[in-house]
Amino acid sequence: MWLQRLVRLKARPRGFHLITEELILQLPELQDFKVGLCHLLLQHTSASLSLNENADPSVRADLDAHLNKMVPENAPYFEHTYEGADDMPAHIKSSMLGAELTLPINRGELALGIWQGIYLGEHRNQGGHRQIIATISGE
């Protein structure tokens, strides 16, 4: 069985945001799969998807702070600057972290670890609404 759905995420400020529940709410058919895979593709080049700590929000803050230090705005060697100081760093962060995840499905749920959640990394100051193509296969 296959299912593909466009999931629209609300706009968020710059930073890392847990979106696990928002995704699951928009994929009610997930409960129909006993076993399978859920592939998530974020259709943007200035944001990212990753899997990480779902309990302590300081992890999200520290991750954002570290990436902002690794990839600062206004680096003198950036050529792609006409969309704002946050744009090129956002593309680099997206490339570093990636824009897709493939997750196992077990008994109608994403088989995540107890402390794992899906992060949207919003790397622009005003990224706007984001969308994900969710493709689910299994039985």
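Buried means under 20% relative accessible area, exposed means over 50%, and partly exposed is in between (1.4 Å probe, protein chains only). This is a predicted model, in which local features need pLDDT of at least 70 and side-chain atom pairs count only at pLDDT 80 or more, while totals for chains, interfaces and linings use all residues. Residues are numbered from 1 along each chain as its sequence is written, and side-chain values use heavy atoms, with hydrogens and water left out.

**Stop 1: R124**

Select R124. With a relative accessibility of 15%, R124 counts as buried. Helices (H or I, at least four residues) and strands (E, at least two) are DSSP runs, numbered from the N terminus. A salt bridge here is a side-chain nitrogen of Lys or Arg within 4 Å of a carboxyl oxygen of Asp or Glu. D86 is buried too, at 7% relative accessibility.

**Stop 2: D87**

Move to D87, in helix α3 (residues 87-97). D87 counts as buried because its relative accessibility is 1%. Which side chains make polar contacts with that of D87? One is H80, at 2.5 Å, and another is R124, at 2.9 Å. A polar contact is a pair of N or O atoms within 3.5 Å; within protein, one must be able to donate a hydrogen and the other to accept it, and residues adjacent in sequence count only if both atoms are side-chain atoms. Show D86, D87 and R124 together: a network of salt bridges links them.

**Stop 3: R14 and E73**

The structure holds 6 salt bridges. For another of them, select R14 and E73, whose side chains pair at 2.5 Å, N to O. R14 lies in strand β2 (residues 13-18) and E73 in the loop between α2 (57-70) and α3, so the pair ties together parts that are 59 residues apart in sequence. R14 is partly exposed, at 23% relative accessible area, and E73 is partly exposed at 30%.

**Stop 4: R130 and E122**

Next, select R130 and E122. Their salt bridge has its closest N and O atoms 2.8 Å apart. Are these residues buried or exposed? Both R130 and E122 are buried.

**Stop 5: M96**

Finish on helix α3, where M96 is found. M96 is partly exposed, with a relative accessibility of 41%.
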